[in-house]
Amino acid sequence: MATRQRESSIISCCSTSSCDADDEGVRGTCEDASLCKRFAVSIGYWHDPYIEHFVRLSKERKAPEINRGYFARVHGVSQLIKAFLRKTECHCQIVNLGAGMDTTFWRLKDEDLLPSKYFEVDFPMIVTRKLHSIKCKPPLSSPILELHSEDTLQMDGHILDSKRYAVIGADLRDLSELEEKLKKCNMNTQLPTLLIAECVLVYMTPEQSANLLKWAANSFERAMFINYEQVNMGDRFGQIMIENLRRRQCDLAGVETCKSLESQKERLLSNGWETASAVDMMELYNRLPRAEVSRIESLEFLDEMELLEQLMRHYCLCWATKGGNELGLKEITY
Ligand SMILES: C[S@@+](CC[C@H](N)C(=O)[O-])C[C@H]1O[C@@H](n2cnc3c(N)ncnc32)[C@H](O)[C@@H]1O
């Protein structure tokens with residue numbers, strides 16, 4: 001496999017522009033992910049009328065392989081979310097861990113697919129930013145208020161709690177704080193629950209992500225976990241990605257678990273999850289509906305398919321389930 005790469009391809013999926021303190025580099029990845037998503041949306045890769053309210057349009061173009069990569073990522077995660085919502089007939093919760101500026105809540109509402117309650121968690125500093133945008137932009141606040149029957153909306157600097165949507169500022173490595181805050185926002189451990197970590201676990205040590213996965217498996221009887229992140233990181237491409245990020249003070253502390261699809265599945269299975277599946281993003285791309293692939297491939301010319309293949313072989317989508325046989329959670333597949 002080729003080891004040649006555009007500089008942008010190898011860092012843009014998780015890079016950061018300024019990292020001064022330990023977690024600052026990790027927090028910076030939020031900006032980068034949302035900039036990439038906004039750019040891809042602006043070209044027409046997928047429809048998201050909400051992302052523009054959270055992040056400006058990047059002045060610099062993102063490479064076509066990056067945009068296609070984000071398309072596959074958003075498509076893959078969204079397919080699994082919808083499969084879970086169908087199985088549970090929306091009588092469920094979604095907890096998006098390290099949600100950054102994710103807009104899934106608003107997009108699900110537009111499709112009339114909201115779960116009983118949708119929670120998001122991220123560092124307090126990121127949540128403060130997100131809440132500021134929500135407060136100032138009616139297209140973001142109106143859908144929340146519309147679903148909220150009471151007069152008052154619980155909102156302070158690091159937390160928003162409403163009937164169907166909550167945003168919580170917390171560190172995912174501090175599980176007692178996380179649980180306390182989620183419970184304060186009426187998280188119901190009896191409801192089938194989908195937890196999502198999109199490009200998040202890799203920033204924690206293997207021990208910290210194992211604890212988070214264990215906590216999630218022990219907290220809910222019927223649950224599913226979606227994890228999107230790096231894979232096949234033991235090769236030259238992986239090494240370059242690690243080095244580039246380290247130079248920017250952004251440590252991929254959990255890279256050890258990103259060795260292979262097997263190591264990804266093994267982490268889920270050894271931390272309380274009963275089934276685990278994983279596909280690399282090239283495999284997922286090859287399984288995308290042909291009409292969608294033709295549409296997005298006509299948006300921008302990509303001269304070297306090798307660049308796409310190389311990038312996509314280094315990311316994966318994993319999902320795991322626990323309980324919920326009566327709902328058919330184990331049958332969910334991409
Ligand atoms: C690459 S961004 C992805 C954001 C979002 N999931 C997406 O895909 O657009 C990683 C996010 O995880 C958050 N994060 C990483 N480690 C965290 C931790 N220990 N506690 C809370 N949030 C964390 C970061 O602040 C950032 O918003």
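# A walk through the predicted model

The side chains of N96 and Y118 are joined by a polar contact of 3.3 Å. This pair is a starting point for a tour of the structure, which is a predicted model. N96 sits in strand β1 and, with a relative accessibility of 3%, counts as buried. Setting aside residues up to four places away in sequence, N96 touches D102, Y118, F119, E120, V121 and I196.

The next stop is a set of positions taken from a record. UniProt, in an unreviewed entry, places the feature "binding site" at R73, G98, D171, L172 and E198. These positions span 126 residues in sequence, and their farthest two C-alpha atoms are 24.2 Å apart, so they do not all gather at one spot. Even so, R73, G98, D171, L172 and E198 are taken in by the lining of the largest cavity.

Two members of that set can be followed in more detail. L172 lies in a loop, with strand β5 (165–169) on one side and helix α7 (175–184) on the other. Is L172 buried or exposed? Its relative accessibility is 7%, and buried means under 20%, so L172 counts as buried. Beyond residues up to four places away in sequence, L172 touches L97, G98, V121, L178, V200, M204 and L212. One of these, G98, is also among the positions that UniProt lists.

E198 belongs to strand β6, which covers residues 193–198. At 11% relative accessibility, E198 counts as buried. With which side chain does the side chain of E198 make a polar contact? The partner is K37, at 2.9 Å.

V200 is placed in the loop between β6 and α8 (206–219). It is buried, with a relative accessible area of 10%. Apart from neighbours within four places in sequence, the contacts of V200 are L97, G98, L172 and Y228. A separate pairing gives a sense of distance: V200 and H158 are 42 residues apart in sequence, and their C-alpha atoms are 19 Å apart in space.

From here the text turns to the nonpolar cores. Which residues touch the most other members of the largest nonpolar core? Of its 79 residues, these are I81, W106, I134, Y165, Y285 and L317. Helix α3 (residues 64–87) gives the most to this core, with eleven residues. Another core lies apart from it and has 35 residues, among them A170, L195, V200 and M204.

W106 shows what surrounds one of the residues named for the largest core. Not counting residues up to four places away in sequence, W106 touches Y50, F54, K130, I134, P139, L140, P143, I144 and Y165. Of these, I134 and Y165 are also on the list of residues that touch the most other core members.

Cysteines come next. A disulfide is a covalent bond between the sulfur atoms of two cysteines. How many disulfides does the model have? The count is zero. For C30, the closest cysteine sulfur is in C199, 12 Å away, which is too far for a bond. C30 is buried at 9% relative accessibility, and C199 is likewise buried at 9%.

Another cysteine, C90, stands out for its backbone. Its phi is near 70°, a positive value in a residue other than glycine. C90 lies in the loop between α3 and β1 (93–97), and its relative accessibility of 17% makes it count as buried. Q249 also has a positive phi, near 55°, in a residue other than glycine. Q249 is in the loop between α9 (236–247) and α10 (261–269). Is Q249 buried, partly exposed or exposed? With a relative accessible area of 49%, Q249 is partly exposed.

Conventions: Residues are numbered from 1 along each chain as its sequence is written. This is a predicted model: local features need pLDDT of at least 70, side-chain atom pairs count only at pLDDT 80 or more; totals for chains, interfaces and linings use all residues. Side-chain values use heavy atoms; hydrogens and water are left out. UniProt positions are given in the numbering used here, feature names are shortened, and annotations may be inferred rather than shown by experiment. On a 1 Å grid over the protein atoms alone, a cavity is a set of points where a 1.4 Å probe fits but cannot get out, and a pocket is an open set with protein on both sides within 12 Å along at least five of seven lines; lining residues have an atom within 4 Å of a point. Helices (H or I, at least four residues) and strands (E, at least two) are DSSP runs, numbered from the N terminus. Buried means under 20% relative accessible area, exposed over 50%, partly exposed in between (1.4 Å probe, protein chains only). Contact means heavy atoms within 4.5 Å. A polar contact is a pair of N or O atoms within 3.5 Å; within protein, one must be able to donate a hydrogen and the other to accept it, and residues adjacent in sequence count only if both atoms are side-chain atoms. A disulfide is a pair of cysteine sulfur atoms within 2.5 Å. A nonpolar core is a set of buried Ala, Val, Leu, Ile, Met, Phe, Trp, Tyr and Cys residues joined through side-chain atoms within 4.5 Å.
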